[in-house]
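This report covers strand pairing, helix packing and aromatic contacts. Look at the fold before reading on.

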Amino acid sequence: AAGMAAAGEPGPEDFVYGEGDFVLPGAGWGDEPGCAPSRFDRALLEGWNDRMERGLFRYRLGPLPTRVLPGPMRLVAQLNVQRGTERRPPQAVRSLRQPFDPRAFNFTRIRPGEVLLRLRRAGGGEEGGPAAPEALLVAINVSPLERGHVLLLPEPARGLPQVLTAPLLRGGLEAALLSAHPGFRVGFNSLGGCASVNHLHLHAFYLDRPLLVESAPARPLCPRRGLSLLRGVPAPAFLFYAAGPAGLRELARDVCRAAEHLADAGLAYNVFATRGDPPEGGAGRGLRVLLWARRPSFGPKAGSAFNVALCELAGYLPLPAAPLFRDITEAEALAAIRQHLLPEPQLLRLGA
């Protein structure tokens with residue numbers, strides 16, 4: 001994917017960034033609409049729109065019907081029929097520790113024109129650390145959820161399975177700080193947690209709606225490590241927080257250590273990063289990183305109205321059918337989401 005573009009296809013743009021490119025403190029939802037996009041936003045969206053015009057996606061994405069379901073959780077439902085019918089079938093996943101299989105679909109097989117950017121920190125960040133930010137490829141998701149939906153990939157030729165690493169997560173969190181849009185989100189689905197490709201990647205996308213997980217207060221579990229429990233949201237989660245770029249190295253390391261602990265306990269997990277308020281409330285907006293523990297699920301679940309992955313857990317429901325989009329209630333959506341989660345006592349034991 002990182003090689004020469006095929007004839008007639010554009011090649012990826014090198015995007016080198018430094019501390020001065022981070023958008024701090026970041027636009028909040030109460031700020032003036034249409035705040036100026038950052039250099040990163042312009043490069044990503046211009047490349048994304050170019051690939052849409054060139055027909056490199058599986059379908060053409062227009063404006064999507066969107067509504068907020070009545071109820072305290074303010075779930076954002078969005079109708080995306082084509083993603084439900086046109087996307088590549090998910091790979092068969094049979095275990096949390098399934099090795100990378102070069103014979104199955106993987107990101108070495110994507111067209112060179114699908115890669116928009118090579119994202120690299122000037123100087124490579126701190127030297128020698130296991131959580132130094134990863135140089136990433138930014139590639140279109142050919143079955144997009146929303147405008148600007150991309151994949152963040154470490155070098156595909158390394159053949160890494162879908163197990164979260166601190167360098168990848170830190171690179172993804174830095175990408176979130178490069179965007180001036182308050183609705184630019186980054187996330188990860190583990191094996192057994194609705195990952196559809198067993199090749200290491202993050203999702204990133206723009207959603208022009210606030211979500212409750214950005215602002216809901218959290219209960220401290222270990223203040224020294226910045227760990228809280230986020231309750232009163234669609235899916236209770238462990239919450240990690242960094243006020244700015246200086247805290248991302250430790251945050252990425254701690255999230256990945258926690259995720260490894262969950263996998264060792266036989267649990268799948270999902271991760272979601274968004275601009276948000278400090279866990280205890282107060283002024284300023286940093287980065288919130290949510291980690292959900294869940295019972296692993298292998299294969300499609302019979303009778304499910306929708307898959308439950310990082311978006312749904314965060315309160316964003318991409319729905320495949322018009323009647324479901326029109327009629328679904330908050331109670332029905334929460335019941336579908338929470339059947340995958342752990343009882344709160346078990347969650348608290350894991351937190352300890």
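Which residue in E13 is the bridge partner of Asn 270? The partner is Trp 292. The model is a predicted one.

## The E12-E13 pair

Strand E12 covers residues 268-276 and strand E13 covers residues 286-294. The two run antiparallel and share nine bridges. In general, strands of a sheet pair through backbone hydrogen bonds, either parallel or antiparallel.

## The sheet

E12 and E13 belong to an open sheet of eleven strands. The order is E1-E4-E5-E6-E8-E7-E12-E13-E11-E10-E9. Pairing is mixed. On average, neighbouring strands are turned by 25° against each other, direction ignored.

## Helix H1 on the sheet

Helix H1 spans residues 39-53. H1 lies across E1, E4 (115-121), E5 (136-140), E6 (150-153), E7 (184-189) and E8 (202-206). Against E4, helix H1 runs at about 160°.

## Aromatic rings

The whole structure holds nine aromatic pairs. Ring pairs join Phe 15, Phe 40, Phe 184 and Tyr 206 into a cluster. A pair of aromatic rings is described by the distance of the centres and the angle of the planes.

## Charges over rings

Arg 88 lies over the face of Phe 105, at 3.7 Å from the ring centre. The charged end of Arg 67 sits over the ring of Phe 325, 5.8 Å from its centre.

Methods. Residues numbered from 1 in each chain as written. Predicted model: local features only at pLDDT ≥ 70, side-chain atom pairs only at ≥ 80, totals over all residues. Heavy atoms only, no water. Pairing = 2+ DSSP bridges. Helix = DSSP H or I, 4+ residues; strand = E, 2+ residues; numbered from the N terminus. Axes fitted to C-alpha atoms, helices over the stretch in contact; angles between N-to-C directions. Contact = heavy atoms within 4.5 Å. Phe/Tyr/Trp six-rings, centres within 6.5 Å; stacked < 30°, edge-to-face > 60°. Lys NZ or Arg CZ within 6 Å of the ring centre and 35° of its normal.
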